[in-house]
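Biologist: I have a sequence and a model on screen. Please show me how to read them, one feature at a time.

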Amino acid sequence: KNMASTITYDQFEVYAKGFVALSDKVGDSWELRTTNSVPAVVYLVKTVTQVVETSDSKQTCSEYDSLVEEDLVEESDDATVQQDILQCHSSVRLEYHVVYSVSYEVPTLYLNASHTSGKSLAMNDIWKLIPSFYGPPTSAKWEILSQQDHPILNRPFYYIHPCHTATALSAVLSQPKDIPVIGATPESTNYILTWLSMFGPLVGLNLSLKYCNTIHSTAISK
């Protein structure tokens, strides 16, 4: 294993606390959760809502556009069509979790995606979260995104498989310094920030430049 890019759970906990503190500074919505297990473990959670065109609503959207062009929307008495029109413009709830992988000794990014009604997002729409510059979806997409039970919540989540995380991080991270288990340091926030900036975009999670600006400002003030 690559010791320059793997971490212990104790380090992960410090990193997570430091990252949440940084998230609060920039006005982001990451939160730290602690399990009721013994021993307790922590993980990170962020929930966002965004409007997307899903496979189910794509045809409905086209039909709706046609109705708008023909000024027929208000004249339609079909309750089903009206509901589909609302579905066309409904929001999708994306729930991101950062959980420590004991096996690979790195953070792992989990994703649960659903309509605000609670209906899970179709698999084809999950793949649409992967940016097009990674290439068209093929059988290799399963090497990026898979599905398994959440290790803490025990219900199905999509996740970015951590098998290549250490290798990818080794190209950008220097040897981690020993850090105390209690408290947070700029080094701890940097690890999570770097990791999320690399893997988050794979599932539609992009970090604000405010993170880098805040770290840069903190470094200058020292």
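Modeller: Start with a definition. A residue is buried when its relative accessible area is under 20%, exposed when over 50%, and partly exposed in between. Keep in mind that this model is predicted.

Biologist: How many residues of β3 are buried?

Modeller: Nine of the 11 residues in β3 are buried. That strand is mostly covered. For the protein chain, buried residues make up 40% of the 222 residues.

Biologist: What does the surface consist of?

Modeller: The accessible surface comes to about 12,400 Å². Carbon and sulfur atoms hold 52% of that area.

Biologist: Now the fold. How many helices and strands does the protein chain have?

Modeller: Seven helices and six strands. Along the sequence the pattern reads α-β-β-α-α-β-β-α-β-β-α-α-α.

Biologist: How many bridges join β3 to its neighbours β2 and β4?

Modeller: Eight bridges link β2 (residues 42-51) with β3 (residues 91-101), in the antiparallel sense. Check two positions on screen. T47 faces E95 of β3, and V51 faces S91 of β3. On the other pairing, β3 and β4 run antiparallel and share 10 bridges. There, S101 has V106 of β4 as its bridge partner.

Biologist: What happens between β3 and β4?

Modeller: They form a hairpin with four residues between the strands. E105 takes a positive phi there, near 60 degrees.

Biologist: Which residues have the most contacts inside the largest nonpolar core?

Modeller: A nonpolar core joins buried nonpolar residues through side-chain atoms within 4.5 Å. The largest one here has 40 residues. F19, W30, L44, Y96, V98, L109 and L196 have the most contacts inside it. Elements that give two or more residues to this core include α1, β2, β3, β4 and α6 (186-199). The largest share, seven residues, comes from α1. A second, separate core has six residues, among them V45, V99, Y110 and Y159.

Biologist: Which residues does L44 touch?

Modeller: Leave out residues up to four places away in sequence. L44 then touches A16, F19, V20, W30, E31, L32, Y96, H97, V98 and I192.

Biologist: Last, charges. How many salt bridges does a search of the whole structure find?

Modeller: The general idea is that side chains of opposite charge can pair when their charged atoms come close. The cut-off here is 4 Å from nitrogen to carboxyl oxygen. The search finds four salt bridges. One of them joins E13 and K17, at 3.1 Å from N to O.

Biologist: Why are E13 and K17 about one helical turn apart?

Modeller: Because they sit four residues apart in helix α1. E13 is buried, at 19% relative accessibility. K17 is partly exposed, at 38%.

Biologist: Which residue does E31 meet in a salt bridge?

Modeller: E31 meets R33, with N to O at 3.3 Å. E31 has a relative accessible area of 36%, so it is partly exposed. R33 is partly exposed too, at 29%.

Biologist: Back to E95, the residue opposite T47. Is E95 buried or exposed?

Modeller: E95 is buried, at 5% relative accessibility. E95 also forms a salt bridge with R93, where the closest N and O atoms are 3.1 Å apart. R93 itself is partly exposed, at 33%.

Key. Residues are numbered from 1 along each chain as its sequence is written. This is a predicted model: local features need pLDDT of at least 70, side-chain atom pairs count only at pLDDT 80 or more; totals for chains, interfaces and linings use all residues. Side-chain values use heavy atoms; hydrogens and water are left out. Two strands pair if DSSP finds at least two bridges between them. A salt bridge is a side-chain nitrogen of Lys or Arg within 4 Å of a carboxyl oxygen of Asp or Glu. Buried means under 20% relative accessible area, exposed over 50%, partly exposed in between (1.4 Å probe, protein chains only). Contact means heavy atoms within 4.5 Å. Accessible areas come from the Shrake-Rupley method with a 1.4 Å probe; for residues, only the protein chains shown count as cover.
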